[in-house]
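Subject: Two-chain model, handed over

Hi,

Here is the structure I promised. My notes follow below it.

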Amino acid sequence: MCLGIPAKVSKINGLIARVQVGGAEVAASIYLVPGVRAGDYVLLHAGFAIEIIDEQAAEETLDLLRKMVEEQES
Amino acid sequence: MKFVDEFRNRDNALSLAKEIRKIGDLRVNLMEVCGTHTVSIFKHGIREMLPEGLRLLSGPGCPVCVTPASDIEKAIRMAGLNEVILTTFGDMMRVPGITSNLETARAGGGDVRVVYSLFEALKIARENPDRKVVFFGVGFETTSPGIAVTLIEAEKEGPGNFSLFSCHKLVPPAMKALLELGEADIAGFICPGHVSTIIGAKPYEFIPDKYHIPCVIAGFEPTDILQAILMLSRQAKQGVARVEIQYSRAVREQGNIKAQEVLDEVFEPVCSTWRGIGVIPDSGLKLRGRFKRFDALAWLEIPEIEEKEEEKGCICGHILRGIATPYDCPLFGKTCTPQDAIGPCMVGAEGTCGAYYKYGGRRQ
């Protein structure tokens with residue numbers, strides 16, 4: 001029940017945004033993520049964006065994993 | 001899908017499993033509190049990747065499963081009233097109440113409608129001004145801020161024929177209750193990612209501080225969960241305990257402040273009954289004074305309903321408390337199946353028994 005899906009914000013109109021999820025575009029409330037901008041990725045839960053995804057943090061997590069793989073291979 | 005596929009990378013997952021094995025002999029139980037984690041763990045075969053001694057226990061984190069039968073029964077009674085349209089999430093339809101379930105109530109003529117969000121329930125209320133529309137709300141901190149926002153907006157714009165039956169619950173008080181019960185042998189918590197998106201890391205700090213048990217807030221993709229298990233195993237091996245965030249792309253240390261503000265504006269904590277566990281102080285959410293006019297229980301005449309004992313043989317309570325697995329249950333897979341569920345853990349898509357039945361993990 002606590003599923004959250006990454007969605008890309010394409011257009012903002014007041015407190016409602018159009019967001020892309022996979023191939024579909026749906027409306028989502030951005031009430032809970034003040035400061036969100038078009039182009040940001042948000043976490044979508046039951047019609048609400050509940051957080052802006054931190055792309056840099058995602059990259060850092062992936063970097064750590066890549067380094068782990070490299071170290072194991074060497 | 002971006003932020004999903006990268007975290008399902010096979011090489012990274014295998015490498016993480018190797019790192020976990022490198023830690024050496026560690027015979028401990030880790031509890032994944034959240035039902036969404038339980039399903040992901042099964043779906044991606046995470047258990048099979050772990051060394052023999054590392055066991056994963058499922059916790060009380062399926063809101064559908066922990067809603068008491070008496071609350072389901074109240075919803076059934078509401079649905080039985082002519083003037084009422086009862087709306088709820090699809091997961092709630094087949095959970096056993098005391099006399100039946102909502103699906104049966106609908107088949108018997110009750111107007112029960114499944115919605116994806118509270119907005120849809122509001123729309124139904126606008127379209128049916130002569131009916132009373134009730135939203136039967138369940139869910140944890142991930143879900144309740146959206147409910148709060150909807151009520152703040154409904155307060156301004158109406159409609160007046162709309163109310164909430166709040167069965168929302170809070171996760172950290174339930175974790176505290178499990179620890180106070182002291183039954184389950186837990187050496188680390190995989191903390192729920194999206195609940196933590198809202199509440200942040202601080203509400204878990206009492207766990208390492210008071211009980212010296214490590215906590216890692218984890219995302220839901222396979223490498224997220226494996227990385228969280230690695231972080232917990234390292235803490236356990238070193239004999240330290242702290243709250244760490246693995247899911248840093250979606251969880252800030254302080255959580256989502258705006259969401260916390262709206263929650264606090266609309267709701268206040270209240271004693272709440274958890275199916276299989278019992279009454280837990282400050283673990284539910286009730287509407288604050290200003291929002292009382294949206295309270296379905298104040299609006300409709302529904303009698304208090306006595307809690308029901310679970311069916312004979314059903315051990316859902318033990319499963320929710322982490323002291324038994326579905327394989328210990330005499331009913332599991334025999335008389336209790338997803339098609340004809342006896343216990344609540346078999347019903348929800350994220351119930352522990354439902355997940356075991358569907359994905360059939362190795363017997364631990």
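Strand β1 (residues 28–34) of chain B runs parallel to β7(B), and three bridges join the two. Two strands pair if DSSP finds at least two bridges between them. Helices (H or I, at least four residues) and strands (E, at least two) are DSSP runs, numbered from the N terminus. One bridge partner to look at is B:G188 in β7(B), which sits across from B:L30. β7(B) also runs parallel to strand β8 (residues 215–217) of chain B, again with three bridges. There, B:F189 stands opposite B:C215.

This is a predicted model: local features need pLDDT of at least 70, side-chain atom pairs count only at pLDDT 80 or more, and totals for chains, interfaces and linings use all residues. Residues are numbered from 1 along each chain as its sequence is written, while chains are lettered from A and ligands numbered from 1 in the order in which they are written.

Back to β7(B). In a regular strand the side chains alternate between the two faces of the sheet. In β7 (residues 188–191) of chain B, B:G188 and B:I190 point one way, B:F189 and B:C191 the other way, and all are buried. Buried means 20 or more other C-beta atoms within 10 Å of the residue's own; exposed means 12 or fewer; partly exposed is in between; C-beta atoms are placed from the backbone.

B:E311 counts as partly exposed because it has 13 C-beta neighbours inside 10 Å. Its place is in the loop between α14 (296–299) and α15 (316–320) of chain B. Leaving out residues up to four places away in sequence, B:E311 touches B:I342 and B:G343. A contact needs C-beta atoms, placed from the backbone, within 7 Å.

Now the interface. Chain B puts 40 residues into the contact and chain A 28 residues. On the side of chain B that touches chain A, α1(B) gives the most, with five residues.

Last, chain A. Its elements run β-β-β-β-β-α from the N terminus on. Of its 74 residues, 38% count as buried. The C-alpha atoms of chain A fill a box of roughly 50 × 25 × 20 Å along the principal axes. Chain A has a radius of gyration of 15 Å, whereas a compact globule of 74 residues would have one near 11 Å. That radius is taken over C-alpha atoms, and the globule rule is 2.2 Å times the number of residues to the power 0.38.

Best wishes

Methods
Contact = placed C-beta atoms within 7 Å.
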